[in-house]
Amino acid sequence: KSLGIYSLTVLIGLFFMIFVLYPFIMKIVVKKKMTYAGFFKRISPAQFLAFSTSSSAATLPVTIDCVRDRIGVSKEVTSFVLPIGATVNMDGTSLYQAVAAIFLAQYHGIDLDLGAQLTIILTATLASIGSAAVPSAGLVMLMIVLGSVGLNPAWIAIILPIDRILDMCRTVVNVTGDATVATIVASSEGDLNVVTDEELVKLETA
C-alpha cells in the first residue's frame, strides 16, 4: 500500500509536468500558433521511444528529428539545445528523487524538518543534473540525496521493484522538457517556423 501511494504521488507530479506545466509555458512564451494537441502530436514519437528505452541519450536522435522536422525549430538551435538538455535537463528525475527521499524517511518514521527538506530539494536538483542519461541512473544518484540528510542509502532497495516503471515515465518528462526548451529558445531567437498540420501529414506519409 505504501509503495502504491508513493508511485501514485510520483506519477501525479510527472503527469502534471508533462500535461500542464510544459504546455502552459509553451502557451505563454511561444507566440507562434501551436495547439495543445498539436505539440504532443509532433513530439509523440520521441515520447514513446523515451518511455520504452528509459534513456534520454538513446532517444536523442528521434527527439532531434521531432523538434526540427515536426515542430519547425532551426537546425542550429536543435543541435545546440537538445544534446545539452539530454545531459543536464532531468526535471523528472529531480522530482522523483525528492519524493523518494521523503517517502523513505516517512516509511522509517523519521521526521524531516524544513531544513532537511530544503537540503533534499537542492541535492536532488544537483544530483539530477549529474545523472547519466541511461536507465535507472537516477536511482544511483538517489543514494547521494539520502546521504545528504543522514538517511541510509541502502533503503533504495525498498523502491527498487517499481523503479523501472517510474523510470520510464520520468524519462518522458525529461524528453518533453528538452523539446519545450528548444522550442522556446528558437521562438526567442526568431528561428521557429512552425510546421503546419498539412505539412506534418505530408511528412508522415512520405
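Reader: Which residues line the second largest pocket?

Author: In this predicted model, the second largest pocket is lined by Phe15, Ile18, Phe19, Phe40, Ser44, Gln47, Phe48, Phe51, Cys169 and Val172. Residues are numbered from 1 along each chain as its sequence is written. Local features need pLDDT of at least 70 and side-chain atom pairs pLDDT 80 or more, while totals for chains, interfaces and linings use all residues, and side-chain values use heavy atoms, without hydrogens and water.

Reader: What makes a residue part of a pocket lining?

Author: A lining residue has an atom within 4 Å of a point of the pocket, which is an open set on a 1 Å grid over the protein atoms alone, where a 1.4 Å probe fits, with protein on both sides within 12 Å along at least five of seven lines. Phe15 and Val172 are among the residues that line the second largest pocket.

Reader: Which helices supply the lining of the second largest pocket?

Author: H1, H2 and helix H8 (163–188) each supply at least two residues, helices being DSSP runs of H or I with at least four residues. H2 gives the most, with five residues.

Reader: How many residues of this second lining are nonpolar?

Author: Eight are nonpolar, two polar and none charged.

Reader: What is the volume of the largest pocket, and which residues lie nearest its centre?

Author: Its volume is about 220 Å³, a volume being the space filled by probe spheres set on the points. Met26, Lys27, Met34, Thr35 and Tyr36 lie nearest its centre.

Terms used. Ala, Val, Leu, Ile, Met, Phe, Trp, Tyr, Cys and Pro count as nonpolar, Asp, Glu, Lys and Arg as charged, and the others, Gly among them, as polar.
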